[in-house]
Amino acid sequence: MQAQQVWLRVRGGRIRELVPYEGGVVIETEAGVESYPGCWALPGFVDAHGHVVNAGLEFGQPQLRLCRSPEECVELLRRWSPNRGEWLLGAGWNHEQWELPVLPTAALLDAVFPDTPVVLRRVDGHALWVNTEALRRAGITDHTPDPPGGIIVRDASGIPTGVLIDAAAELLLQHVPPPTPEEIRAAILRTAQQLLQHGITEVHDMDVDPLWIPVFRELAESGQLPIRVQAYVRAQHREWQTAGLLPTTGELFCLRGVKLYADGALGSFGAALLEPYADAPDGHTGLLLLTPQELEAAVAEAVEAGWDVAIHAIGDAANRCVAHIYRAIRQRGIAQPEQRLRVEHAQIVHPDDIPVFADAGVVGSVQPLHCVHDAPMARRRLGVGRSSIPYPWRSLLQEGIPLAAGSDFPIEPPDVMAGLAAFCFRIPPGESEPWIPEECLTLSEALAAYTNWAHAAASVDDRRGLLLPGYDADVVILDRNPSECTADELTRIRVVATYVAGQRRWTLAEEPLLGLV
Ligand SMILES: [Zn+2]
């Protein structure tokens with residue numbers, strides 16, 4: 001995959017003709033001719049793993065990701081009043097970045113918010129920090145048992161301290177009022193605008209709540225949805241079945257797959273590892289959120305209903321479990337060959353399990369920015385002497401496993417240029433050497449992972465992901481050719497314009513830049 005200087009003739013939202021054009025890029029549509037002298041064109045980027053509604057909702061909430069202590073978080077929150085009914089919601093805290101990297105407690109919040117329930121999502125979305133009023137409203141007490149796949153963090157006498165990990169978070173979240181359709185609508189449009197400014201024309205939206213779907217549909221049908229959305233519907237508690245949903249097709253919005261979770265995240269010690277965490281004292285290995293039997297049953301039901309399946313697996317134990325389930329599903333013959341089985345994240349993978357993924361024809365949905373930003377934490381969690389490979393991109397590709405690239409926004413910004421640099425150089429911020437350089441991708445592979453390989457992960461690569469006659473005119477225009485850039489230069493490339501189905505949906509000249517999520 002390489003950027004091109006071309007004259008593109010577009011009709012009916014598709015590329016009719018393209019001619020090499022040394023002066024830059026020209027796009028000619030029914031509406032007129034727009035030219036970009038000196039610029040370069042690529043197929044529009046895909047973000048193959050993001051959270052559209054949550055990213056948009058979180059934008060209107062206190063952002064704690066820059067805070068360096070729990071006290072600083074509380075200071076920032078002091079200025080806020082309830083933002084969802086009587087509740088105050090916030091996001092982005094990361095105790096790994098605090099001067100004292102220990103989990104926070106309800107007591108700190110109680111001092112400022114004795115009566116307002118406060119719920120703060122950890123940066124990775126896999127833990128909540130809440131106050132006593134929130135615990136009270138959710139009926140969580142010292143007698144509440146840990147749910148399967150979840151941990152209520154407690155003190156020595158068994159009293160909940162105010163942190164709920166993975167499935168335990170659901171005990172609380174079911175008591176928070178859901179956003180209104182108007183809030184959902186605004187959240188979708190805000191996120192879409194931000195994706196467009198990064199050159200993203202299609203997003204694979206993970207863990208979609210059935211409640212959000214009518215809003216997506218209404219936006220798509222009224223021509224207001226400016227990007228393409230492939231939705232992967234919540235399935236951990238068979239939400240898709242309860243809501244009576246089945247896969248659909250559509251130009252801008254379709255229900256493509258279901259999303260399941262095998263484990264949690266490394267940051268909150270929830271990723272399921274084959275050997276204990278190197279930096280947890282008690283031989284802790286994390287946890288599988290469902291038993292392998294439950295997970296396989298959930299996959300089988302979804303596949304039989306025609307869905308693609310995307311399973312979150314971060315630790316090597318979770319990846320092993322998912323690899324064997326997918327192989328069993330293929331062996332049972334219940335998945336059509338074109339049904340995609342995806343592993344989301346595939347962060348720590350044992351070399352023995354990569355051929356199993358390959359056997360099952362699995363797609364690896366990976367997030368390059370997690371690798372560079374998590375590197376210091378991941379090295380602490382994993383220690384030395386493990387045979388599993390962290391962020392094994394080259395190893396997956398070598399076994400014939402196609403990669404689809406994403407950001408997992410709002411956990412990371414949906415910044416494709418930064419993602420390309422992370423794929424190709426794997427240099428964590430503040431460091432100068434690549435982390436595990438043998439797993440780097442070439443720029444051409446990295447671009448493919450953001451374009452045609454990612455479209456293949458949703459089975460639309462026969463009409464998207466390349467600049468070819470007959471293909472959808474989803475195009476991103478850059479001010480430089482990425483092939484001629486160093487790591488630093490790559491991250492400074494600007495997206496000049498973004499076209500979806502031949503319509504210019506974003507341009508640097510007209511729009512103010514939105515802040516990073
Ligand atoms: Zn995610």
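Biologist: Why is R332 called partly exposed?

Modeller: R332 has a relative accessible area of 46%. Buried means under 20% relative accessible area, exposed over 50%, and partly exposed in between (1.4 Å probe, protein chains only). So R332 counts as partly exposed.

Biologist: What are these values taken from?

Modeller: This is a predicted model, where local features need pLDDT of at least 70, side-chain atom pairs count only at pLDDT 80 or more, and totals for chains, interfaces and linings use all residues. Residues are numbered from 1 along each chain as its sequence is written, and side-chain values use heavy atoms, with hydrogens and water left out.

Biologist: What makes E296 and R332 a salt bridge?

Modeller: Their closest N and O atoms are 2.9 Å apart. The definition asks for a side-chain nitrogen of Lys or Arg within 4 Å of a carboxyl oxygen of Asp or Glu. E296 sits in helix α9 (residues 292-304) and R332 in helix α10 (residues 316-332), 36 residues apart. Helices here are DSSP runs (H or I, at least four residues), as are strands (E, at least two), numbered from the N terminus.

Biologist: Is E296 buried or partly exposed?

Modeller: E296 has 21% relative accessibility, so it counts as partly exposed.

Biologist: Why is E96 called buried?

Modeller: Its relative accessibility is 18%, so E96 counts as buried. R381 is buried too, at 1%.
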